[in-house]
Amino acid sequence: MTAPSTGQPTPDPKAGIERLERYLAAESESNQARKAAEAFADRMPCLTWAERQQLLRLYTGERLAEAQRLRNRLAQQEAAHEARERLRGRCIKVALLLGAVSAALTLWLIVGMVM
């Protein structure tokens with residue numbers, strides 16, 4: 001789709017909303033990871049400033065990496081589920097087709113015996 005006055009493609013509102021949702025989710029996740037890291041570091045008052053900063057960086061990074069691994073695992077499970085559903089649909093279609101062929105063949109044989 002193009003904008004009538006500029007000839008430029010018009011942005012897809014749905015795609016824009018999805019990008020915004022992903023951004024907001026990532027920001028929320030990052031903020032939660034930072035807060036959890038700070039709460040963890042607060043339990044260790046003996047840390048120097050540099051040690052605290054390193055702990056915050058490592059803890060936050062590890063928590064975000066774990067969240068990414070979880071998202072990847074969920075995406076794989078969803079893809080596997082969709083593949084199973086497609087296969088199930090194909091099996092049902094084949095079963096229905098075989099049933100119809102069997103019924104037609106049976107009817108053809110019955111009609112042939114009668115005549």
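Before reading any accessibilities I noted the cut-offs: buried is under 20% relative accessible area, exposed is over 50%, and partly exposed is in between. I also noted that this is a predicted model.

**Entry: Glu-85 and Arg-88**

I started with this pair. The side chains of Glu-85 and Arg-88 meet in a salt bridge, at 2.4 Å from N to O. I placed both residues in helix H2, 3 residues apart, which is about one turn of the helix. Arg-88 has 46% relative accessibility, so I logged Arg-88 as partly exposed. Glu-85 has a relative accessible area of 35%, so Glu-85 is partly exposed too.

I looked up each contact. Glu-62 and Arg-69 form a salt bridge at 3.3 Å, N to O. Glu-66 also forms a salt bridge with Arg-69, and there the closest N and O atoms are 2.7 Å apart. Glu-66 and Arg-69 both belong to helix H2 and sit 3 residues apart, about one turn of the helix. Is Arg-69 buried, exposed or partly exposed? Its relative accessibility is 38%, so Arg-69 counts as partly exposed. Glu-66, at 37%, counts as partly exposed as well. I recorded 5 salt bridges in the structure.

**Entry: H1 against H2**

Next I turned to the helix packing. Two packed helices are described by the angle between their axes and the distance between the axes. I looked up both values. The axes of helix H1 (residues 13-42) and H2 come within 8 Å and cross at roughly 135°. That angle makes H1 oblique to H2. I checked the cut-off: over 145 degrees would count as roughly antiparallel. I also noted the hand: H1 passes H2 in a right-handed crossing.

**Entry: the nonpolar patch**

Last, I went to the surface. Which residues form a nonpolar patch there? I listed Leu-107, Ile-110, Val-111, Val-114 and Met-115. Together they have about 570 Å² of accessible area. I placed Met-115 in the segment after helix H2 (49-114). Met-115 has a relative accessible area of 82%, so I logged Met-115 as exposed.

Technical notes:
Residues numbered from 1 in each chain as written. Predicted model: local features only at pLDDT ≥ 70, side-chain atom pairs only at ≥ 80, totals over all residues. Heavy atoms only, no water. Patch = residues over 30% accessible without salt bridge, like charges linked within 9 Å, V, L, I, M, F, W, Y side chains within 5 Å. Areas by Shrake-Rupley, 256 points an atom, 1.4 Å probe, with all protein chains shown as cover. Salt bridge = Lys/Arg side-chain N within 4 Å of Asp/Glu carboxyl O. Helix = DSSP H or I, 4+ residues; strand = E, 2+ residues; numbered from the N terminus. Buried < 20%, exposed > 50% of the residue type's maximum accessible area, 1.4 Å probe, protein only. Axes fitted to C-alpha atoms, helices over the stretch in contact; angles between N-to-C directions. Parallel < 35°, antiparallel > 145°, perpendicular 65-115°, else oblique. Left-handed = near helix turned anticlockwise from the far one by under 90°.
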